[in-house]
Amino acid sequence: LVSSSVDEDGDEQVIEAALRPKKLDDFIGQHRVREQLSLVLHSAVRRGRPPDHVLLSGGPGLGKTTLAMIIAAELGRPLRISSGPAIERAGDLAAVLSTLSEGEVLFLDEIHRMARPAEEMLYMAMEDFRVDVVVGKGPGATAIPLDIAPFTLVGATTRAGMLPGPLRDRFGFVAHMDFYEPAELEVIVHRSARLLNVRIEDGGATEVAGRSRGTPRIANRLLRRVRDFAEVRADGVVTRELARAALTLYEVDERGLDRLDRAVLGSLMRKFGGGPVGLSTLAVSVGEEPETVEVVAEPFLVRQGLLARTPRGRIATPAAWRHMGLTPPPAAPM
Ligand code: ADP
């Protein structure tokens, strides 16, 4: 349990760790993924072999890291955590792989950002539990084969489409994690509130869940902001009215759009007449990296029917103009 005193902004990771479900049964939502994964894990345990490699794809904050931890826990094996960007050379990967213990679970976050040579080493490791370590340079270079302990790779990516086919094909189980339903987020909010000792009414939880962009990490974050507000401005109990007032203060609107979402839509409408406009141009206009706009803002806006991707670029839908309270120019497409 976490007392609210640890909950400074910089401690999000500490809080997240405390709020992470530890067992598959406590993982809320994603029913299909959970059931499929449960079968994969149980049959592996019965056969006494490491399960197939698992690829988890889905946006940030949907529970990929949490699932990797759960997989290791359910298998009763240690978990090693690394990420694509941390592996710059094949040697970095060899160092990790060669020190894995039998059956260990290796979590590689953002696996689509791994360096190419390392990727090729990973193919062989996944398939044959063997790597070729190249020593020396030029014509004198020699590949020394090295056996590694059988392990299970859990790869996570926010962009499944960016994974090279040969890598994707080497995962025996590929799960796509989708946005959560409001009812599931409500359960998550109630659970987190209990762990953080926050008193919250059903209406308060509904309000937080409904504005969480289908994402547990955001639900937990908004819950803490609402909790702060309740402690300072009221008696600590999160009611519906209080949640509404707090979230309005933090610029999260009724549909859950935050500053970035509104900036993207606002810019698309005000600067580009509603589009079509290319992703990079749009990203520059709101001062963000294209990947941030594409991975963080867009999937939610598309799902909400506020933004559409067309071959000619991004366009704002009529619903978006209405939501932002703006009038489309007469010649606007759509
Ligand atoms: P990702 O790795 O996909 O970015 P995380 O696994 O780090 O996401 O999850 C972010 C936070 O959301 C964690 O603190 C975790 O407690 C919470 N969370 C994610 N999925 C669930 C879930 N299904 N049930 C309860 N909490 C969840």
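How close do the axes of α8 and helix α10 come, and at roughly what angle do they cross? The axes of α8 and α10 (residues 240–249) come within 7 Å and cross at roughly 30 degrees, where axes are lines fitted to C-alpha atoms, for helices over the stretch in contact, and angles run from 0 to 180 degrees between N-to-C directions. That angle makes α8 roughly parallel to α10, given that angles under 35 degrees count as roughly parallel, over 145 as roughly antiparallel, 65 to 115 as roughly perpendicular and the rest as oblique.

The structure is a predicted model, in which local features need pLDDT of at least 70 and side-chain atom pairs count only at pLDDT 80 or more, while totals for chains, interfaces and linings use all residues. Residues are numbered from 1 along each chain as its sequence is written. Helices (H or I, at least four residues) and strands (E, at least two) are DSSP runs, numbered from the N terminus.

On the α7 side the contact is made by Pro182, Leu185, Glu186, Val189 and His190, and on the α8 side by Ala205, Thr206, Val208, Ala209 and Gly210. The residues of this contact of α7 with α8 divide into six nonpolar, three polar and one charged.

A further pair is α11 with helix α13 (residues 290–303), which pack at an angle of about 80 degrees and are therefore roughly perpendicular to each other. Leu260, Asp261, Val264 and Leu265 of α11 form the contact with Val293, Val296, Ala297, Phe300 and Leu301 of α13, and by class the contact of α11 with α13 has eight nonpolar, no polar and one charged residues.

| Helix pair | Axis separation | Angle |
|---|---|---|
| α8 and α10 | within 7 Å | roughly 30 degrees |
| α11 and α13 | 10 Å | about 80 degrees |

**Strands**

Five strands form an open sheet in the order β2-β3-β6-β1-β7, with parallel pairing, where two strands pair if DSSP finds at least two bridges between them. Because β2 (79–83) and β7 (173–176) stand at the edges, each with a single partner strand, one side of each is left without a neighbour in the sheet. The twist averages 15 degrees from one strand to the next. Five bridges join β2 to the parallel strand β3 (residues 105–109), and leucine 79 stands opposite valine 105 in β3.

Strand β10 (residues 307–310) pairs with strand β11 (residues 313–316) in the antiparallel sense over four bridges, and β10 and β11 form a hairpin with two residues between them. Within this pairing, alanine 308 stands opposite isoleucine 315 in β11.

**Ligand shell**

The ligand is surrounded by 18 residues, the closest being Glu16, Gly63, Lys64, Thr65 and Thr66; a residue is near a molecule or strand if its C-beta atom, placed from the backbone, lies within 6 Å of it. The elements that give two or more residues to this shell are α1 (12–19), α3 (64–75) and α9 (216–233). The residues of the shell divide into eight nonpolar, six polar and four charged.

**Backbone details**

The peptide bond from glycine 275 to proline 276 is cis, with omega near 5 degrees, and proline 276 is found in the loop between α11 (259–270) and α12 (279–285). Glutamine 30, in the loop between α1 and α2 (31–47), has phi near 50 degrees, a positive value in a residue other than glycine.

Methods: Nonpolar A, V, L, I, M, F, W, Y, C, P; charged D, E, K, R; others polar. Contact = placed C-beta atoms within 7 Å.
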